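Here is a short briefing to read alongside the model.

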Amino acid sequence: MITAHTDVVGSLLRPAALRKARDDLAAGRLSHAQFKSIEDRAVDAAVALQEEAGLDILWGHWHGDGAVGEQHRDRPVNLGVVSRLVRKRHLAAEEFVYLRGRTRRVAKATLPSPSLFVNFWSPERSRSAYASLEHFLADVVAILRDEVAELIRLGATYIQIDAPHYPLLLAPETRSFYESRGWTLDQWLSRGIELDNAVMAGFVDATFAIHLCRGNQESRWLVAGDYEPIARSIFQGIRATRLLLEYDDDRSGSFAPLRHVPDDKTVVLGLISTKRPQMETPEDLIRRITAASRFVPLERLALSPQCGFASSILGNNLSIEDERRKLERLCETARRIWG
């Protein structure tokens, strides 16, 4: 069982050399072997950054503040699965093995929540491949279970399930899309969680986490809203024993929904923003963790960034040095609280 009081959600900023190498590979200016060498060096640097910071664990309509501004991207009209899913390769096995060989810290693998794949389901275009959304998601669960089994065979002890679509149910404009796929809000909070649990079921050798956020792209977000409408269903229904929750500003509401967290779960508070370079102070982080401990005992709390620093190759609006300082602040604060 993973009990660490520091954690990371996932992605780090891609260095400029790696981004250039991807462009060169696509243009035929680099071979795959040359690209992999550059990619490996970038991963080594990311591992070193996290270890030096002191971490225990490695690894629509977008809104923005100030200069970042708003951005609107329409969903492609023809998007939709049109043939049966076939696994071409393992999603994270190669990357996990590389990371495992380069650190003695806990190496965490991350996978998408199965019902997140509803974004690739079209009621009009997908029925030639699948009779229903449920049939489609059953194949997704099978592929993800195969991935979990392979990761555990390779030595993984910590697997994170990313589920940003659950907080997107909080806002009418994004909830309407998910309901248009055929499930009501209540069904998303029952059937969706059943699918998450099906991915985790029977794998007793690994600790599972679930991550909930409100969108993360170029320092923008999709929705705001308190966890309360979805808290009881998710916190009490999910098999995962670590809940990684976005809590970096007022968009996430109060800590009161944490009263629904069962005694066998740890809450990882995402208090450190990956969206802006401004540094959180240890005093403010300690104050907020103390406030959360009114609902969940301090020994079952942990600290992390609220999301990845780069949920896409574009990254958020801060530098690699800002990223390093925030991870160091995270570990410094955790030491002050938990020793």
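**Sheet pairing and overall build**

Alanine 109 has isoleucine 159, in strand S5, as its bridge partner. The model you are looking at is a predicted one, and this pair is a handy place to start exploring the sheet around S5.

**The parallel pair S4 and S5**
- Strand S4 covers residues 106-112, and strand S5 covers residues 158-162.
- The two strands run parallel and are joined by five bridges.

**The whole sheet**
- S4 and S5 belong to an open sheet of seven strands, paired in parallel.
- Reading across the sheet, the order is S1-S4-S5-S6-S7-S8-S9.
- Strand S1 (57-58) and strand S9 (301-305) form the edges, each pairing on one side only.

**A helix on the sheet**
- Helix H11, residues 320-338, packs on the sheet and touches strand S8 (266-272) as well as S9.
- The direction of H11 makes about 170 degrees with that of S9.

**Overall composition and dimensions**
- In total, the protein has 11 helices and nine strands.
- The C-alpha trace spans about 55 × 50 × 45 Å along the principal axes of the protein.

**Burial and surface**
- Of the 339 residues in the protein, 53% are buried.
- The protein exposes about 15,200 Å², and carbon and sulfur atoms supply 52% of that area.

Definitions and conventions
Residues are numbered from 1 along each chain as its sequence is written. This is a predicted model: local features need pLDDT of at least 70, side-chain atom pairs count only at pLDDT 80 or more; totals for chains, interfaces and linings use all residues. Side-chain values use heavy atoms; hydrogens and water are left out. Two strands pair if DSSP finds at least two bridges between them. Helices (H or I, at least four residues) and strands (E, at least two) are DSSP runs, numbered from the N terminus. Contact means heavy atoms within 4.5 Å. Axes are lines fitted to C-alpha atoms, for helices over the stretch in contact, and angles run from 0 to 180 degrees between N-to-C directions. Buried means under 20% relative accessible area, exposed over 50%, partly exposed in between (1.4 Å probe, protein chains only). Accessible areas come from the Shrake-Rupley method with a 1.4 Å probe; for residues, only the protein chains shown count as cover.
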